[in-house]
Amino acid sequence: MTFHRRSLIVGLTLLLAACGSAERFAVSTPPVTEEVRIAFSSVEVRDVSLPSYAAADEIHLQAADGTLKSSSDVLWADAPERAVALELSRNLAQMTGRAIASEPWPFEAFPSARLELRFSDLVATSDGVFRTTGQYFVAVRDGGRERSGLFDLSVSFDPKGGPNAIAKARGQLILDLSRYIAVNGLK
């Protein structure tokens with residue numbers, strides 16, 4: 001092996017080691033303890049649209065002046081749009097006992113309804129509040145009554161807990177949102 005090739009391999013190894021130093025935080029999903037009856041036998045969580053900062057891998061924290069701060073060293077464990085869609089579908093399935101899945105729809109028969117969410121905000125603040133606002137849409141097959149609604153929910157967390165506390169708060173917030181949509185959008 002030549003010196004140049006050996007130097008290149010060592011350099012790439014060091015570069016990859018430096019890139020791997022980021023910490024990734026998984027969202028803690030609280031247990032679903034409530035049952036909610038809905039009007040549909042199956043629901044597809046078709047689209048979850050997050051603001052660009054919330055869709056990024058970095059965990060953002062909003063300062064009192066509104067500035068969003070993040071670090072490439074503190075990352076979500078999963079792509080946020082995918083993770084939120086999976087959390088919503090899992091929570092709704094457990095709450096309702098119905099066939100609920102995120103896209104792509106895994107079953108042969110079409111779902112009775114499709115759920116889309118457009119988030120305006122999904123952010124943790126430096127004063128210990130994780131907040132989400134946005135709108136949901138329920139499209140219904142076969143001419144049924146379609147629905148839409150606004151949501152504005154928040155949960156508190158201890159900012160001293162760092163990214164783990166933020167991840168736990170996001171899990172609780174998405175569970176609360178799941179319940180809100182089941183009660184207000186899927187009845």
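A residue counts as buried when its relative accessible area is under 20%. Keep that cut-off at hand for the two residues on this tour of a predicted model.

**Whole chain**

Start with the chain in cartoon view. Switch to a surface view next: the accessible surface is about 10500 Å², and carbon and sulfur atoms make up 51% of that. Of the 187 residues, 41% are buried. Among contacts with a separation of 6 or more, 68% join residues 24 or more positions apart.

**First stop: Ile166**

Select residues 162–185, which form helix H4, and pick out Ile166 within that helix. The relative accessible area of Ile166 is 8%, so this residue is buried, given the limit of 20%. Now show the residues around Ile166. Beyond those up to four places away in sequence, Ile166 touches Ile59, Leu61, Trp76, Ala124, Phe130 and Phe157. Draw a distance between the C-alpha atoms of Ile166 and Ala124: the value is 6.7 Å, although 42 residues separate the two along the chain.

**Second stop: Ser102**

Move to strand E6, residues 99–102, and select Ser102. Is Ser102 buried or exposed? Ser102 has a relative accessible area of 14%, which is under 20%, and therefore counts as buried. To see what lies against Ser102, display Val45, Ala85, Leu86 and Ser89; these are the residues in contact with Ser102 once neighbours within four places in sequence are set aside.

Key:
Residues are numbered from 1 along each chain as its sequence is written. This is a predicted model: local features need pLDDT of at least 70, side-chain atom pairs count only at pLDDT 80 or more; totals for chains, interfaces and linings use all residues. Side-chain values use heavy atoms; hydrogens and water are left out. Buried means under 20% relative accessible area, exposed over 50%, partly exposed in between (1.4 Å probe, protein chains only). Contact means heavy atoms within 4.5 Å. Accessible areas come from the Shrake-Rupley method with a 1.4 Å probe; for residues, only the protein chains shown count as cover. Helices (H or I, at least four residues) and strands (E, at least two) are DSSP runs, numbered from the N terminus.
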